[in-house]
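Visitor: I would like to go through this model and ask what stands behind each label. Please set the values against the cut-offs as we go.

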Amino acid sequence: DDPGLIKILKEHYDDMAEFKIRPAHPEQIPHALGVNHIRNILENSSKIKIVKWWSEECLRSLPLEDWDGIRSRSKIPDSIFWQEKRDGTLRKFFLEYERSLKSNERYEEIFKFYEGRQDIKEKSVLYVCENEFIKKRLIGLEEILAKKGRLKTKGEYFQFVTLEEFNQSFSSITQKEAGDEQ
């Protein structure tokens, strides 16, 4: 929140986003820590190469002309990140971390937001769910919405994993190695 320090940073990083100070709400802290955990796992994983990460705060700071549909009035992804594939091309992913459930209506709105985007490809929206109950509920809701014709398809855009499954898939440290370090 020191304007002098921001000015110095902008001299060296002219494309740096202009962040606004927003009050922290205690109930949002566990969610923010969960997203940071996911980011740390991905960025330190030997199984995927992340080359760019835009947090929700970064997305909020984008000037209106740079939104390019990344956010709407009612939906901002928890983050967007890019994976560099072996052939050097980039693949964009949208991350949603679900610690608790929202209403079915809210999920329908969110699923439609993603389904309507031009840059959503096969399984490029990653839902990391706090537990199996949340994961099953989202999978079931996607299926119901597709059967009712409220979504175009099911199983194409979204991948749903529990936090435990995510950790097992992307963690560079195996359980044995973690035990050896203690």
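Guide: Start with a cut-off: a residue is buried under 20% relative accessible area, exposed over 50%, and partly exposed in between. Keep in mind that this is a predicted model.

Visitor: Why is Lys123 called partly exposed?

Guide: Lys123 has a relative accessibility of 29%. Lys123 sits in the loop between helix H4 (104–115) and strand E4 (125–129). Its phi is positive, about 55°, although Lys123 is not a glycine.

Visitor: What makes Asn44 exposed?

Guide: The relative accessibility of Asn44 is 57%. The cut-off for exposed is over 50%, so Asn44 counts as exposed. Asn44 lies in the loop between H2 and strand E1 (50–55). Asn44 and Phe170 are 126 residues apart in sequence, with 8.7 Å between their C-alpha atoms.

Visitor: Is Phe170 buried, exposed or partly exposed?

Guide: Phe170 has a relative accessible area of 22%. Buried requires under 20%, so Phe170 is partly exposed. Phe166, at 1% relative accessibility, counts as buried.

Visitor: Why is the ring pair of Phe166 and Phe170 called tilted?

Guide: Two values are needed, because a pair of aromatic rings is described by the distance of the centres and the angle of the planes. The ring centres of Phe166 and Phe170 are 5.2 Å apart, and rings pair if their centres lie within 6.5 Å. Their planes are at 40°. Stacked needs under 30 degrees and edge-to-face over 60, so the pair is tilted. Phe166 and Phe170 are four residues apart in helix H6, which means about one helical turn separates them.

Visitor: What makes the pair of Tyr157 and Phe158 edge-to-face?

Guide: The angle between the planes of Tyr157 and Phe158 is 80°, and planes over 60 degrees apart count as edge-to-face. The centres are 6.5 Å apart. Both Tyr157 and Phe158 are buried. The structure holds 15 aromatic pairs. Ring pairs link a cluster that includes Tyr157, Phe158, Phe160 and Phe94.

Visitor: How do you know that H2 is roughly parallel to H6?

Guide: Helix H2 (residues 29–43) and helix H6 (residues 163–170) pack at an angle of about 20°, with their axes 9 Å apart. Angles under 35 degrees count as roughly parallel, so H2 is roughly parallel to H6. H2 passes H6 in a left-handed crossing.

Visitor: Which residues meet where H2 and H6 pack?

Guide: From H2 come His37, Ile38, Ile41 and Leu42; from H6 come Leu163, Phe166, Asn167 and Phe170. The residues of this contact between H2 and H6 divide into six nonpolar, two polar and no charged.

Visitor: Why is H4 called roughly perpendicular to H5?

Guide: H4 and helix H5 (residues 132–147) pack at about 70°, with their axes 11 Å apart. The range for roughly perpendicular is 65 to 115 degrees, so H4 is roughly perpendicular to H5. Asn104, Tyr107, Glu108 and Phe111 in H4 meet Arg137, Leu138, Leu141, Glu142 and Leu145 in H5. The residues of the contact of H4 with H5 divide into five nonpolar, one polar and three charged.

Visitor: How many helices and strands does the chain have?

Guide: The chain has seven helices and five strands. Of its 182 residues, 34% count as buried.

Technical notes. Residues are numbered from 1 along each chain as its sequence is written. This is a predicted model: local features need pLDDT of at least 70, side-chain atom pairs count only at pLDDT 80 or more; totals for chains, interfaces and linings use all residues. Side-chain values use heavy atoms; hydrogens and water are left out. Axes are lines fitted to C-alpha atoms, for helices over the stretch in contact, and angles run from 0 to 180 degrees between N-to-C directions. Helices (H or I, at least four residues) and strands (E, at least two) are DSSP runs, numbered from the N terminus. Angles under 35 degrees count as roughly parallel, over 145 as roughly antiparallel, 65 to 115 as roughly perpendicular and the rest as oblique. A crossing is left-handed if the near helix is turned anticlockwise from the far one by less than a right angle, and right-handed if clockwise. Contact means heavy atoms within 4.5 Å. Ala, Val, Leu, Ile, Met, Phe, Trp, Tyr, Cys and Pro count as nonpolar, Asp, Glu, Lys and Arg as charged, and the others, Gly among them, as polar. Rings of Phe, Tyr and Trp (its six-membered ring) pair if their centres lie within 6.5 Å; planes under 30 degrees apart count as stacked, over 60 as edge-to-face and the rest as tilted. Buried means under 20% relative accessible area, exposed over 50%, partly exposed in between (1.4 Å probe, protein chains only).
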